[in-house]
Amino acid sequence: MSVLRTLESKLAGLVEGTFSRAFKSEVRPVEIARKLAKEMDEHKVQSLSRVYAPNEYVVWLSPDDRAQFEGAESELADELAGYLLEHARRERITLPTRPHVTFKTDERLRLGEFGIQTRRVEAPQREHEPPSLGDEGRTMVYSTADRVQEPLREADPRRGRARLRVGGRTEVVGSQGAILGRSRDADIVLEDPNVSRHHAEIRPSGASWTVNDLGSTNGVKVNGRRVDGAQSLKPGDVIELGTSHVTFEVD
């Protein structure tokens with residue numbers, strides 16, 4: 001089991017029931033974890049013998065996104081810090097101290113947007129000496145907009161009705177689209193430990209259909225190519241989620 005997969009399972013336990021299918025635009029913990037690791041990698045500094053990176057991370061959230069973590073924020077921050085520590089070990093990055101993650105609110109952010117600010121803080125050399133603070137990096141803002149469902153349009157007669165072949169069964173996708181994942185509340189349940197609880201969404205878009213990654217751990221591929229944002233589908237396309245293969249067809 002990957003480190004990110006293990007983290008996702010822990011976070012799901014902390015915020016179980018928080019992320020309803022009605023609010024796909026919310027920031028999800030696994031998305032924050034991915035971007036924290038990205039920021040660590042982006043701010044690496046190479047010395048003669050070591051690679052250094054920031055150890056302090058501020059995650060800025062919209063008021064509504066931060067409210068969803070109420071009661072679990074401290075535990076969430078600890079899990080994210082542990083994930084960063086493991087990432088640093090795997091990448092052989094030297095940190096002055098254990099990573100520290102804090103959450104703050106920014107009224108200017110909208111639901112589904114979050115920012116990450118980094119800083120390298122040296123541990124004090126002597127007792128009672130204050131830590132040495134590095135410069136705060138600029139805040140990088142990320143958005144979950146790529147996986148947010150667009151408003152449904154009127155049915156296009158050219159689109160046809162989608163069918164998904166999953167293993168030995170066929171699933172029909174209606175005009176509301178369908179969530180695929182291993183969670184029991186997904187529209188199409190995939191019994192695959194490598195599939196996220198809410199992994200991807202198939203939905204209508206104009207005269208065609210698209211597949212969208214819902215912030216999954218292992219991503220989505222179409223015909224072997226990684227999906228980045230919404231990907232249009234054509235009959236016969238093979239969608240890969242974890243180790244599961246789903247064939248897309250249209251009536």
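Two strands pair if DSSP finds at least two bridges between them, and strands themselves are DSSP runs (E, at least two residues), just as helices are runs of H or I with at least four residues, numbered from the N terminus. This is a predicted model in which local features need pLDDT of at least 70 and side-chain atom pairs count only at pLDDT 80 or more, while totals for chains, interfaces and linings use all residues. Residues are numbered from 1 along each chain as its sequence is written, and side-chain values use heavy atoms, leaving out hydrogens and water.

**View 1. The whole chain, to get your bearings.** Four helices and 19 strands make up the secondary structure of the protein chain. Of its 251 residues, 45% count as buried (under 20% relative accessible area; exposed is over 50%, partly exposed in between, with a 1.4 Å probe and protein chains only). Take the contacts (heavy atoms within 4.5 Å) with a separation of 6 or more: 61% of them link residues 24 or more positions apart. The chain exposes about 13,300 Å², of which carbon and sulfur atoms supply 46%; accessible areas come from the Shrake-Rupley method with a 1.4 Å probe, and for residues only the protein chains shown count as cover.

**View 2. Strand 14 and its two partners.** Here strand 14 (residues 208-213) is mostly covered, with five of its six residues buried. On one side, strand 13 (residues 200-205) runs antiparallel to strand 14 and is joined to it by six bridges; look for P204, whose bridge partner is W209. These two strands form a hairpin with two residues between them, and G206 in the turn has a positive phi of about 60 degrees. Strand 14 also runs antiparallel to strand 17 (residues 231-233), through three bridges.

**View 3. Two loop residues with positive phi.** R92 sits in the loop between helix 4 (73-90) and strand 4 (100-105). Its phi is near 60 degrees, a positive value in a residue other than glycine, and R92 is exposed at 73% relative accessible area. Now find N223, in the loop between strand 15 (220-222) and strand 16 (225-226). N223 is not a glycine, yet has a positive phi of about 55 degrees; at 43% relative accessibility, N223 is partly exposed.
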